[in-house]
Amino acid sequence: MLRHKGTQWLGTERLRLCPLSPNYADEMYKGWSGDNEVTKYLSWPTHDSPEVTRKILMDWSENYTSTKYYNWGIFLKENGKLIGTISFININDYKSSAEIGYVISKKYWNQGYASEAARRILEFGFNDIGFKSVVGYHHPRNTNSGKVMEKIGMKREGWLPGTMMNNKGQKCDVIKYTALRANFIESTVKEIDNNETGN
């Protein structure tokens, strides 16, 4: 049985993960929700204005009252800058599973922030909530997203043709990745052992 806790404040070496409010609408719009290049391969369309982003954040704020809602803003610890979001969606209590999704502002691509945040919420999902598996999907041309999933130990399951909708309302292919709780915990234990022995 899952132990739902809601969107808890989490931290990593460089990041702070926490709930968002409508006050971050302008920052989110300028950072990524209004950027066509960032949203190109996502399931939701580029926002036309900061007001669209604000309305989305208002909906998120209401959802934060649920213990089954998991959606974090990704902030840099060093200066408090909001650089992206990360979430668990499509949660299945019966299967103890969820889907991971994330987006990072273009300015902060290729600096390891997405994988750092994703690894932290996987840890939270497996150890605190009790997920047995977490899946992730990306558009075949969005290879950087696949690299993030591989970096955090998710395994590529295969190419799924025409199974999802893009932000144009068209069916598109996706590549699926999966992380299993047992494998994640095993790899974490090995990592700790290697650090302690100096390997």
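Which residue of β5 stands opposite Phe-88? In this predicted model, where local features need pLDDT of at least 70, side-chain atom pairs count only at pLDDT 80 or more, and totals for chains, interfaces and linings use all residues, the residue opposite Phe-88 is Ile-100 in β5. Residues are numbered from 1 along each chain as its sequence is written, and side-chain values use heavy atoms, with hydrogens and water left out.

**Strands**

Helices (H or I, at least four residues) and strands (E, at least two) are DSSP runs, numbered from the N terminus, and two strands pair if DSSP finds at least two bridges between them. Strands β3 and β4 run antiparallel and are joined by six bridges, with Asn-71 standing opposite Ser-87 in β4. Strand β4 is also joined to strand β5 (residues 97-104) by seven bridges, and these two run antiparallel.

| Hairpin | Residues between the strands | Residue with positive phi |
|---|---|---|
| β3 and β4 | five residues | Gly-80, near 75° |
| β4 and β5 | four residues | Ser-96, about 55° |

**Aromatic pairs**

A pair of aromatic rings is described by the distance of the centres and the angle of the planes. Rings of Phe, Tyr and Trp (its six-membered ring) pair if their centres lie within 6.5 Å, and planes under 30 degrees apart count as stacked, over 60 as edge-to-face and the rest as tilted. A search of the whole structure finds ten aromatic pairs. In one of them, the rings of Tyr-70 and Phe-88 have centres 6.2 Å apart and planes at 75°, so the pair is edge-to-face. Because Tyr-70 lies in strand β3 (residues 70-76) and Phe-88 in strand β4 (residues 82-92), this pair ties together parts that are 18 residues apart in sequence. The rings of Tyr-70 and Phe-124 have centres 6.3 Å apart and planes at 65°, so this pair is edge-to-face too; with Phe-124 in helix α4 (residues 113-129), the pair ties together parts that are 54 residues apart in sequence.

Burial is judged with a 1.4 Å probe on protein chains only, where buried means under 20% relative accessible area, exposed over 50% and partly exposed in between. Tyr-70 is buried at a relative accessible area of 1%, and Phe-124 is buried at 3%. Ring pairs link Tyr-70, Trp-72, Phe-88, Phe-124 and Phe-131 into a cluster.

**Nonpolar cores**

A nonpolar core is a set of buried Ala, Val, Leu, Ile, Met, Phe, Trp, Tyr and Cys residues joined through side-chain atoms within 4.5 Å. The largest one has 35 residues, of which Trp-72, Ile-86, Phe-88 and Ile-100 touch the most other members. Elements giving two or more residues to this core include β3, β4, β5 and α5, while its largest share, nine residues, comes from α4. A second, separate core has 14 residues, among them Ala-25, Met-28, Trp-32 and Tyr-64.

**Helix α5**

In helix α5 (residues 143-151) the buried residues are Ser-145, Gly-146, Val-148 and Met-149. Seen down the axis of α5, they fall within an arc of 155° (taken from the directions from the helix axis to the C-beta atoms), so they line one face of the helix. The face turned away from this buried side carries the exposed residues Lys-147 and Lys-151. The buried residues of α5 pack against β5, α4, β6 (133-138) and β8 (171-180), where contact means heavy atoms within 4.5 Å.
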